[in-house]
Amino acid sequence: MLRKTLGFCWSRFCADLTAVNSAYYCFGPFRLLPSEHILLRGDASVPLAPKAYDLLLALVRRHGQLVSRDDLMREIWPDSFVEEINLTVNISLLRKTLGEQPDGRQYIATIPKRGYRFEAAVSEFPQPPESKEAPAAAERPSFSVIQDLEVTTQSGNLRWRYAGLVALAIAMLVAVVLGRHFAMRKLAQDPVPGTAASRLTENSHALDLYNQARSLWSRRSMESVQQSVELFQQAIDADPNFAAAYAGLADAYITAGSYGNSFLPPRVALPKAEDAVSKALALDENSAEAHTSLAYIKLTYDWDWTGAEAEFKRALALNPNYANAHHWYSHELMAEGRVQESHEQSEQALALDPTDRVMNEHMAWHHFMAREYGRAIPQAMKAIELDPDFVQAHRVLGLTYSGRSAEACAEFKKGIDLSHGDPVAQAYLARCYALSHRTGEAHQILDALLKDAQERYISSAEIAAVYAALGDETNCIPWLRKAVDERASALIYINVDPVFDHLRARSDFQAIVKQVSLTPVVDETSK
């Protein structure tokens with residue numbers, strides 16, 4: 001019976017396999033394999049979020065043709081109502097991933113007010129590349145549990161002696177299921193420090209998706225945050241009562257539209273985050289994760305300082321071991337100039353997870369904002385040691401290299417390379433060039449950012465900071481006002497960010513500080 005059942009399943013699998021469209025596409029150094037859902041650069045796999053991959057495939061299949069934005073929205077998000085900004089963000093992600101063609105053109109061209117066109121020459125082939133013949137009988141392992149099974153495919157007869165592998169797969173599957181069962185029971189009885197009980201779900205698939213999403217979110221790159229949004233949503237789809245997944249989705253949207261990571265306009269991202277938080281709290285009003293998310297929304301979007309602090313304290317009362325609550329609370333305290341209290345919260349966050357790259361980078365950031373550069377440098381280096389590809393750690397290290405412009409700019413360049421040209425990373429390099437009196441290079445980057453901002457979201461606060469570094473107050477103030485209209489989260493640090501130190505005595509700058517619901521801080525020695 002077992003052999004018959006396995007034989008039937010194998011036959012169905014092979015029949016389904018041959019039905020898959022095996023065509024693949026080549027352009028530049030890339031190969032796109034729809035049957036495998038893989039993009040290759042040479043022999044290396046290129047990571048792409050599922051929607052970004054689907055979008056690339058839709059454009060490549062119609063290479064040379066104009067594809068309207070409406071058609072792409074219907075094709076990529078057929079069953080969902082999503083903002084058109086999702087299309088823009090994914091196009092931007094693809095451009096960063098693909099880079100430029102040899103002649104300097106983008107692979108994907110924008111046709112203003114109409115749509116997009118895949119510009120590169122594309123070759124289409126009917127069979128997957130590097131397909132390998134079945135191993136010869138002498139090369140194959142011999143198993144005697146079940147006799148060979150002959151399967152007929154479109155390319156001919158393939159004979160596989162696979163029974164032992166099937167048996168092994170079954171054994172592994174049983175082990176995984178049992179392991180998951182006992183692990184979930186253990187987690188329920190003895191929660192991991194720093195996590196909230198609300199993360200538990202009886203749905204193992206939803207839990208797997210949630211854990212993957214949290215891991216991606218913690219990387220803090222544009223691509224990983226975008227992927228985490230999709231996985232958190234899939235976890236919610238798998239278990240609509242999973243409160244922690246809603247809180248995770250909120251955190252992903254917060255990061256997508258917040259300081260240092262923004263690629264969605266805050267007025268798009270933060271309302272989505274708030275909606276997810278409200279659903280999380282409706283399911284579990286005692287979720288420390290959800291109260292932390294709500295606190296950060298109140299802080300960075302509502303500029304409700306009192307309400308944010310109350311939510312942070314509520315989260316920490318519910319779970320004193322939730323590291324991210326200490327982490328984000330320290331941001332509020334630093335923004336308010338409560339440096340010692342911010343340090344205490346940063347220390348607690350780091351103590352709870354001393355090998356976490358984000359917590360180490362955050363401690364370096366705290367020291368930088370406190371002008372403790374000698375303490376910031378080794379802490380930033382520790383974060384880089386934990387993850388050499390962590391863009392924010394290189395950014396903080398660059399900021400702390402006061403008076404060492406060559407080393408500072410080198411760190412910002414690494415940030416651009418690691419983030420594939422992220423505009424926030426470019427803005428920081430422009431600031432470094434400006435402060436290093438390399439104004440021509442600073443203006444070159446700034447001009448490119450201003451041009452790019454016509455098509456995609458780039459925080460006006462980042463543009464304003466570049467003008468501030470250039471000493472161009474005439475342009476800085478209007479861009480800060482525009483950042484206020486955007487609800488740019490970077491503005492909460494306007495009283496403590498060193499780049500604005502020389503502006504603090506200006507009445508128009510102080511007016512902007514008040515709009516963020518802060519009290520202007522003026523260095524008396526600057527008067």
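**View 1. Helices H18 and H19 pack as a pair.** The axes of helix H18 (residues 423-435) and helix H19 (residues 439-452) cross at roughly 155° and come within 7 Å. Helices (H or I, at least four residues) and strands (E, at least two) are DSSP runs, numbered from the N terminus. Axes are lines fitted to C-alpha atoms, for helices over the stretch in contact, and angles run from 0 to 180 degrees between N-to-C directions. This is a predicted model: local features need pLDDT of at least 70, side-chain atom pairs count only at pLDDT 80 or more, and totals for chains, interfaces and linings use all residues. Residues are numbered from 1 along each chain as its sequence is written, and side-chain values use heavy atoms, with hydrogens and water left out.

H18 and H19 are therefore roughly antiparallel to each other. Angles under 35 degrees count as roughly parallel, over 145 as roughly antiparallel, 65 to 115 as roughly perpendicular and the rest as oblique. The H18 and H19 crossing is left-handed. A crossing is left-handed if the near helix is turned anticlockwise from the far one by less than a right angle, and right-handed if clockwise. From H18, Pro423, Gln426, Ala427, Leu429, Ala430, Tyr433 and Ala434 meet Thr439, Glu441, Ala442, Ile445 and Leu449 of H19. Contact means heavy atoms within 4.5 Å. The contact of H18 with H19 has nine nonpolar, two polar and one charged residues. Here Ala, Val, Leu, Ile, Met, Phe, Trp, Tyr, Cys and Pro count as nonpolar, Asp, Glu, Lys and Arg as charged, and the others, Gly among them, as polar.

**View 2. Helices H14 and H15 pack against each other.** The packing angle of H14 and H15 is about 165°, and their axes are 8 Å apart. That makes H14 roughly antiparallel to H15. H14 passes H15 in a left-handed crossing. On the H14 side are Arg357, Asn360, Glu361, Met363, Ala364, His367 and Phe368; they meet Tyr373, Arg375, Ala376, Gln379, Ala380, Lys382, Ala383 and Leu386 in H15. By class, the residues of this contact of H14 with H15 are eight nonpolar, three polar and four charged.

**View 3. A salt bridge joins aspartate 387 and arginine 357.** The closest N and O atoms of aspartate 387 and arginine 357 are 2.0 Å apart. Aspartate 387 lies in the loop between helix H15 (373-386) and helix H16 (391-400), and arginine 357 in helix H14 (residues 357-369), so the pair ties together parts that are 30 residues apart in sequence. The structure holds 23 salt bridges. A salt bridge is a side-chain nitrogen of Lys or Arg within 4 Å of a carboxyl oxygen of Asp or Glu.

**View 4. Helix H2 meets helix H3.** Helix H2 (residues 50-61) and helix H3 (residues 69-76) pack at about 130°, with axes 10 Å apart. H2 and H3 are therefore oblique to each other. H2 passes H3 in a right-handed crossing. Lys51, Asp54, Leu55, Ala58 and Leu59 of H2 make the contact with Leu72, Glu75 and Ile76 of H3. The residues of the contact of H2 with H3 are five nonpolar, no polar and three charged.

**View 5. Three strands form an open sheet.** The order is S5-S7-S6, and the pairing is antiparallel. Two strands pair if DSSP finds at least two bridges between them. Strand S5 (67-68) and strand S6 (108-111) are the edge strands, each pairing on one side only. S5 and strand S7 (residues 115-118) pair over two bridges. Four bridges join S6 to S7. Isoleucine 111 also has glycine 115 in S7 as its bridge partner. The hairpin of S6 and S7 has three residues between the strands, and lysine 113 there takes a positive phi near 65°. H2 lies across S5, S6 and S7, running at about 70° to S7.

**View 6. Five strands form an open sheet.** The order is S4-S3-S2-S1-S8, with antiparallel pairing. Strand S4 (44-45) and strand S8 (123-125) are the edge strands; each pairs on one side only. Strand S1 (residues 24-27) and S8 are joined by three bridges. Cysteine 26 has serine 123 in S8 as its bridge partner. H2 packs on this sheet, touching S1, strand S2 (30-33) and strand S3 (38-41), and its direction makes about 105° with that of S2.
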